[in-house]
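Q: I have a model open here and would like to go through one part of it with you. Can we start with what is tucked away from solvent?

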Amino acid sequence: LGKETTLVIAMEELAELQQQVSKLYRGKGNIENLVEEIADVYICIDLIMKASGATDEQLENWINKKMERNHLRIVNKEFK
């Protein structure tokens, strides 16, 4: 797949995941549909990583930074 096609597919899959989260939140969805969309997004993330040349190390670094930030927010009771 080309870079542009990969990005368009990713946007579509993210929208489908958003829709399933919304349905679940409103009590109209189910876990299987949600997990299916999560799987599609995981696949798209892998495709985007490959298309962009981003490395696993870069991704892991950012995940760790954001997890630490979220942990600090929870500890400091910034989340409601």
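A: Gladly, and please keep in mind that this is a predicted model. In helix α2 the buried residues are L34, E37, V41, C44 and M49.

Q: Where do those buried residues sit when you look down the axis of α2?
A: Viewed that way, the buried residues of α2 fall within an arc of 140 degrees, so they line one face of the helix.

Q: And what do they pack against?
A: The buried residues of α2 pack against α1, which covers 3–25, and against α3, which covers 56–75.

Q: Which residues are exposed on the other side of α2?
A: Those are E32, Y42, I43 and K50, which are exposed on that other side.

Q: How far does α2 reach from its first C-alpha to its last?
A: Helix α2 runs over residues 31–52, and its 22 residues reach 31 Å, close to the 32 Å expected at 1.5 Å a residue.

Q: What happens at the two ends?
A: At the start of α2, a side-chain oxygen of N30 comes to within 3.1 Å of the backbone nitrogen of E32, while just after the helix G53 takes a positive phi of about 85 degrees.

Q: Switching topic, how many helices and strands are in the protein chain?
A: The protein chain has three helices and zero strands. Its radius of gyration is 16 Å, well over the 12 Å that the globule rule gives for 80 residues, so the protein chain is more spread out than a compact globule.

Q: What share of the chain is buried?
A: Buried residues make up 12% of the 80 residues in the protein chain.

Technical notes: Residues numbered from 1 in each chain as written. Predicted model: local features only at pLDDT ≥ 70, side-chain atom pairs only at ≥ 80, totals over all residues. Heavy atoms only, no water. Helix = DSSP H or I, 4+ residues; strand = E, 2+ residues; numbered from the N terminus. Expected span 1.5 Å × (residues − 1). Buried < 20%, exposed > 50% of the residue type's maximum accessible area, 1.4 Å probe, protein only. Arc of directions from axis to C-beta. Contact = heavy atoms within 4.5 Å. Polar contact = N/O pair within 3.5 Å; in protein donor to acceptor, adjacent residues only side chain to side chain. Rg over C-alpha atoms; globule rule 2.2 N^0.38 Å.
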